[in-house]
Amino acid sequence: MMKNHGVVLHFSNAHDNYHSAYQYVTKQDTEVFLSPNHPNLNVIGSPRTKTCIRAYRESRKRKQNENANAQQEKAKKIRHLSNFEVSEFLVANQIKSETELLALADTQSKEGKKDLANFILCRSNEAIQELIDNTWRLQNARAKLDRKKSRIDLPRDARSAECVDGCNGEWIKCAREVLKNNNIHPVVFASALKDLLTKGRGNSEM
């Protein structure tokens, strides 16, 4: 524009007031087009409020920087959960669908706990569903293996396992008492039980 029409387009926004901008524009351009009755600012001089305006501008800039820093600090405070942590959370709360997870994340977010909501928003729906599926596939793996065990393996595993709460080994006393009351020898009963579990039905009569 300057080369073809003699019009200066370059301008700067680093000014505290109109007077400063006016001086910048008219410094090299002697043919500045002004509106009718525009005062001669070169004669009037710098306004008295120049220092106040500069102070206000600097104060506003500092405040903007402080707000930006505060936002960054707030973002740092949001803990980034791992897939494993969320997986444990799913199991602990028996969450088996994406809808249940979203509802709980929303509730926690309203209470000020943003970690779970942040985790969900940073992942696709497919990734969330895959995490839920894999979590419960992992949880159910042991049960599936147990179902594949032979019937004879189940009592063998139970023999080496701990008693349920409150039993304290009383089950064996009860079992022996039942056998005694029915005139069944423990060896005979054990042999018949083994046949039932391995062959499907026993060959011994009790």
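**Figure 1. Contacts and overall make-up of the protein chain.** Of the contacts in the protein chain with a separation of 6 or more, 49% join residues 24 or more positions apart, a contact meaning heavy atoms within 4.5 Å. This is a predicted model, in which local features need pLDDT of at least 70 and side-chain atom pairs count only at pLDDT 80 or more, while totals for chains, interfaces and linings use all residues. Residues are numbered from 1 along each chain as its sequence is written, and side-chain values use heavy atoms, with hydrogens and water left out. The secondary structure comes to 11 helices and 0 strands, where helices (H or I, at least four residues) and strands (E, at least two) are DSSP runs numbered from the N terminus. Buried residues make up 16% of the 206 residues in the protein chain; buried means under 20% relative accessible area, exposed means over 50%, and partly exposed lies in between, with a 1.4 Å probe and protein chains only. The protein chain exposes about 17,100 Å², of which carbon and sulfur atoms supply 52%, the accessible areas coming from the Shrake-Rupley method with a 1.4 Å probe and, for residues, with only the protein chains shown counted as cover.

Figure 2. Thr135 has its place in helix 8, which covers residues 125–148, and counts as buried because its relative accessibility is 2%. A polar atom of the Thr135 side chain lies 2.7 Å from the backbone oxygen of Leu131; a polar contact is a pair of N or O atoms within 3.5 Å, in which, within protein, one must be able to donate a hydrogen and the other to accept it, and residues adjacent in sequence count only if both atoms are side-chain atoms. When residues up to four places away in sequence are not counted, Thr135 touches Ser87, Leu90 and Val91.

Figure 3. By the rule used here, a salt bridge is a side-chain nitrogen of Lys or Arg within 4 Å of a carboxyl oxygen of Asp or Glu, and the count comes to 2 salt bridges. In one of them the side chains of Lys110 and Asp106 meet at 3.3 Å, N to O. Both residues lie in helix 6 (residues 98–110), 4 residues apart, which is about one turn of the helix. Lys110 is exposed, with a relative accessible area of 70%, whereas Asp106 counts as partly exposed at 39% relative accessibility.

Figure 4. Helix 10 (residues 170–181) has 12 residues and reaches 17 Å from its first C-alpha to its last, close to the 16 Å expected at 1.5 Å a residue, the expected span being 1.5 Å times one less than the number of residues. Glu170 forms a salt bridge with Lys173, and the closest N and O atoms are 3.7 Å apart. Because Glu170 and Lys173 are 3 residues apart in helix 10, they are separated by about one helical turn. Glu170 counts as partly exposed at 38% relative accessibility, and Lys173 is exposed, with a relative accessible area of 52%. Just after helix 10, Asn183 takes a positive phi of about 55 degrees; Asn183 lies in the loop between helix 10 and helix 11 and counts as exposed at 74% relative accessibility.

**Figure 5. Gln94, with a positive phi.** Most residues other than glycine have a negative phi. The phi of Gln94, however, is near 55 degrees, a positive value in a residue other than glycine. Gln94 lies in the loop between helix 5 (83–92) and helix 6, where Gln94 is partly exposed, with a relative accessible area of 46%.

Figure 6. Phe189, Leu193 and Leu196 make a nonpolar surface patch of about 230 Å²; patches are made of residues with over 30% relative accessible area and no salt bridge, with like charges joined within 9 Å and nonpolar side chains (Val, Leu, Ile, Met, Phe, Trp, Tyr) joined within 5 Å. Leu193 is found in helix 11 (residues 186–199) and is partly exposed, with a relative accessible area of 36%. Pro155, in helix 9 (residues 153–160), counts as partly exposed at 37% relative accessibility. The C-alpha atoms of Pro155 and Lys194 are separated by 10.0 Å, while the two residues are 39 residues apart along the chain.
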